[in-house]
Every structure is written in C-alpha cells, then in structure tokens.
Amino acid sequence: MKTTIAEVAKHVGEEVTIGAWLANKRSSGKIAFLQLRDGTGFMQGIVVKADIGEDKFQEAKALTQESSLYVTGKIVEDTRSPLGFEMQVTDFELIHEAVDYPITPKEHGTEFLMDHRHLWLRSSRQHAVMKVRNEIIRATYEFFNDKGYVKVDPPILTGSSAEGTTELFHTKYFDEDAYLSQSGQLYMEAAAMAFGKVFSFGPTFRAEKSKTRRHLIEFWMIEPEMAFMNHEESLEVQEQYVSHVVQSVLENCKIELDTLGRDTDQLAKIQAPFPRISYDDAIQLLKDKGFDDIEWGEDFGAPHETAIAEAYDKPVFITNYPAEIKAFYMKPDPERPEVVLCADLIAPEGYGEIIGGSQRIDDLELMKQRYEEHDLTGDAYKWYLQLREYGSVPHSGFGLGLERTVAWISGVEHVRETIPFPRLLNRLYP
Ligand code: 4AD
Ligand code: MG
C-alpha cells in the first residue's frame, strides 16, 4: 500500500511503500540507515543485510544523496526520532540516481546556499520554515473567514503609489506608466465600503535599497480593512489575529519547531491582549535606555525597535506617531492633530515591525488638504477621494508582513529563509 511519511502513524505494524528521496545515509557492514524525505516529512529507514540479502544491501550502501526511490517496509515505533516512527526496509526500487548533489551534509556559505535555493529548499530546516509559513497562511484564512471577512484581491499593476513614491517599481503599461503594488490598501478601502470587513493576501513590491535581515524586495502582505471600526477596535483584531496564528503554529507544527530548535516557551506567552506604548512614551523609554540623540519627530530604526521590544515578552504596539513621519491617509488624533491614530506592532526578540496599521482619514476636506500637502495629483487618486464623497464612514486597517512573521515564529535570523525564492537587493536568481 502506498502512503506518505506524514501518514505512517496510521500504518504501524503494516508494510507500506513510500516514494522518497535519500536525504542522507550512514552504514556499517551489516546495517544501513537511510534518512528518507518525501515532502511530507523525514523518516529513517533501516536496511539490515541479514534480512534483505547481500545484493540488495550492497545496492542500499551505494545509494547516493538525493536519489529518488520507492521504499517498501514495515512501520515501527521509534521514540527517539521527532517523528516517532521508522521503517524496517524490506525492499526498494531506485527511480533516478542523483550524481554529485551539490549540497552535502558539510557546512556551506550562505551565498552558495542561496545560489542553490531550488535545491536548498529540500533540507530539513528549510522544509520546517516553509511548513511554518504554510501554517500561518492556513491560520490566517481560518481567522478571517471565521469572523466573516471577505477575501478581496487588489490589483498588482497600479497607476499610483500607496505608501511612498521613492520605493516603486516602474513598468510600462502599453503607453501608460504603471507600478507594481507596494500595498493593496487603497483598493481595500474601496472594498471595505462594498463588503464591510475584507482582507487581502498577496505579493507586494518595494524598490528599497535596504539590505537588512528584515527587508525583501518582494514580500507577501495580509491587509484587512474594516468599515465602522476605529483605531482601538482595529488593535483588538490585530492582537487576536497574531495570537491565533502563533497558537496555531504551536499546535500544528510541533515537529517543525523542534527541527528549528525554537524556544516554544517564548511563543506560548503570545496571547492577547498585547501591551501598548505611545510614541511619546517610547521616546522617553529610549532616552532612559541611553539613546540620548533620539528626538521627538524622528522615526525609529531597528536598534530603537529592538530596545523597545526588550521591555516586553509579548509583541508591543507603538501608537500615535507624529503625522509628519507617517503616510498621508492616516487620521489625525482629534485631541492632538500632530499625531495620528496609528500603530506599529513590534515583535519580541528583535524581529522588528510585523504590522503597520491606522485609522484612515474619512473627511473629504481633510483628505483634499493632504493631497495638496503630498502633491498627489492625477486620475490615479481621483477614485480614492470619491470614497470620502459617498457615504464616508470611520474605517481602519492594517498590513502584516508574512515573512517577518515567519522569521519571528520560526526563530530564523533572516527573512531570506522565510520565502521560497527570495528577491533581494542583489538577487533575482534562482
Ligand atoms: O508598514 P507598511 O509599509 O504598511 C503598509 O503598507 C500599509 N499600507 C498596510 C495597511 O495598513 N494596509 O508595511 C506593512 C508590513 C510591515 O509591518 C512589515 O511587516 C512588512 O509589511 N514589510 C516588509 N516585509 C519585508 N520586506 C520589506 N521590505 C517590508 N516592508 C514592509
Ligand atoms: Mg511600517
């Protein structure tokens, strides 16, 4: 009977066949240990010369790394492995022999591994990160579907900028100019006025010349947008959403978190509500921590975010930033118009900002004023203004960066390992 490694628990004591690749191998004169992987997981296969016969044993000993095979054998419990099961191999059939697989069990440099990303994805650690990513995606759809949000897909090719004009990828759209989307938000606001509560999940592009462990050129963002919701209500959605995602990974990715060596005690603490600190208080906190040069009105860099996050063991919302350093669409605090009703959610353990969100300006006149201040002209912005002309309502939304969230929950240092084929400042291959 054909099965997969993920399903072996259902076949203890039975003989099954699995299509697999040979990840690694150890052998002595009488016994060979095959590390098998089939995409669904990793499992050890034991080949005993006395059981399988001399010829087949020699064939097993000659198997090369990443060769593909059908392996047949009996599934038995094995309490020492993370999987909990192994196979006593009774037969195998080589499908394709891999010669000189470039990624060997020895250490390789990052650039070498990135050049072989199409193969590196097969390794147990990369496999675990991608499984965590997949679980975050699954839990995201579950969370928003259960709460009655409608998934709406904003366009990727756009005629305008959502977040800032300097970071746009330009392309020709027949004889017009077009840009790759930096954020679907402006379109999601239109969608919220049509469907109430919506979310998008798609690729976004930032032509930023940033080369840090937190920056990708192409990354995936989840962007919920809610009509009739104020800033504080949006923060509650955010903390519930992030808690749900973390708890889902803890529940459904035990083997993967073990493979990654993730400290799960840190993750178990991630339960709503999350602490909030105002931008004003964050400035004071930084001064107290010895950041003497930071002044009110300046944006925070990675070291500042890390220092603020260190004060908490959960993600922390930094709220009410100065209007000057935030996007044109954010609603000013009615009591204090120099700050806006916004928050960045900073992950613990130095992983930085994972969410940016705000309440949006719903007043037509104020939005027109912002257009002038930010020099936003042309047809591309006309439709966005009309959302404030016809039944404008208070509304809020946010964007969660998938890869930074995967990096934090998996405990991997750099976002380049959190997306199958990363697009980085100096990398478009493979
Ligand atoms: O803070 P950002 O720029 O916010 C927006 O784009 C809003 N329009 C979202 C909204 O309100 N609908 O980006 C949101 C998140 C960041 O918090 C970060 O997690 C991620 O997207 N992000 C990046 N991730 C990887 N590489 C980059 N270059 C990123 N830039 C932003
Ligand atoms: Mg941001």
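This is a predicted model: local features need pLDDT of at least 70, side-chain atom pairs count only at pLDDT 80 or more; totals for chains, interfaces and linings use all residues.
**Notes on strands, ring pairs and the ligand site**

1. Strand E4 pairs with strand E5 (residues 85-96) over ten bridges in the antiparallel sense, and within that pairing Leu 69 has Leu 94 of E5 as its bridge partner. Here strands (E, at least two residues) and helices (H or I, at least four residues) are DSSP runs numbered from the N terminus, and two strands pair if DSSP finds at least two bridges between them.

2. Residues are numbered from 1 along each chain as its sequence is written, chains are lettered from A and ligands numbered from 1 in the order in which they are written, and side-chain values use heavy atoms, with hydrogens and water left out.

3. E4 (residues 68-77) is also joined to strand E1 (residues 15-27), by seven bridges, and these two strands run antiparallel. Among the facing residues, Gly 19 has Tyr 70 of E4 as its bridge partner, and Ile 18 has Val 71 of E4. Seven of the ten residues of E4 are buried, and the strand is accordingly described as mostly covered; buried means under 20% relative accessible area, exposed over 50%, and partly exposed in between, with a 1.4 Å probe and protein chains only.

4. E1 has an antiparallel pairing with strand E2 (residues 31-37) as well, through six bridges, and a hairpin of three residues joins E1 to E2. In this pairing, the bridge partner of Asn 24 in E2 is Gln 35.

5. A separate point concerns an open sheet of eight strands, with mixed pairing and the order E6-E10-E11-E18-E17-E16-E13-E12. Strand E6 (150-151) and E12 stand at its edges with a single partner strand each, so one side of each is left without a neighbour in the sheet. Within this order, strand E11 (residues 218-227) and strand E18 (residues 395-401) run antiparallel and are joined by five bridges, with Met 221 standing opposite Gly 401 in E18.

6. Ala 227 has its place in strand E11 and is buried, with a relative accessible area of 10%. For a sense of distance, Ala 227 and Gln 65 are 162 residues apart in sequence and 55 Å apart in space, C-alpha to C-alpha.

7. A search of the whole structure finds 22 aromatic pairs, where rings of Phe, Tyr and Trp (its six-membered ring) pair if their centres lie within 6.5 Å, and planes under 30 degrees apart count as stacked, over 60 as edge-to-face and the rest as tilted. The rings of Phe 274 and Phe 317 have centres 6.3 Å apart and planes at 40°, so this pair is tilted. Phe 274 lies in the loop between helix H9 (264-268) and strand E12 (276-278), and Phe 317 in strand E13 (residues 316-319), so the pair ties together parts that are 43 residues apart in sequence. Phe 274 counts as buried at 3% relative accessibility, and Phe 317 is buried at 0%.

8. Phe 328 and Tyr 381 form an edge-to-face pair, 6.5 Å centre to centre with 85° between the planes. Phe 328 lies in the loop between E13 and strand E14 (332-333), and Tyr 381 in the loop between helix H12 (364-373) and helix H13 (382-386), so this pair ties together parts that are 53 residues apart in sequence. Both Phe 328 and Tyr 381 are buried.

9. Ligand 1 is surrounded by 22 residues, of which the closest are Glu 163, Gln 185, Arg 206, Glu 223 and Glu 353; a residue is near a molecule if one of its heavy atoms lies within 4 Å of it. A nitrogen atom of ligand 1 is 2.7 Å from an N or O atom in the side chain of Gln 185, and a nitrogen atom of the ligand is likewise 2.7 Å from an N or O atom in the side chain of Glu 223. Taken alone, ligand 1 exposes 630 Å², and the protein buries 93% of that, the areas coming from the Shrake-Rupley method with a 1.4 Å probe.

Definitions and conventions:
A polar contact is a pair of N or O atoms within 3.5 Å; within protein, one must be able to donate a hydrogen and the other to accept it, and residues adjacent in sequence count only if both atoms are side-chain atoms.
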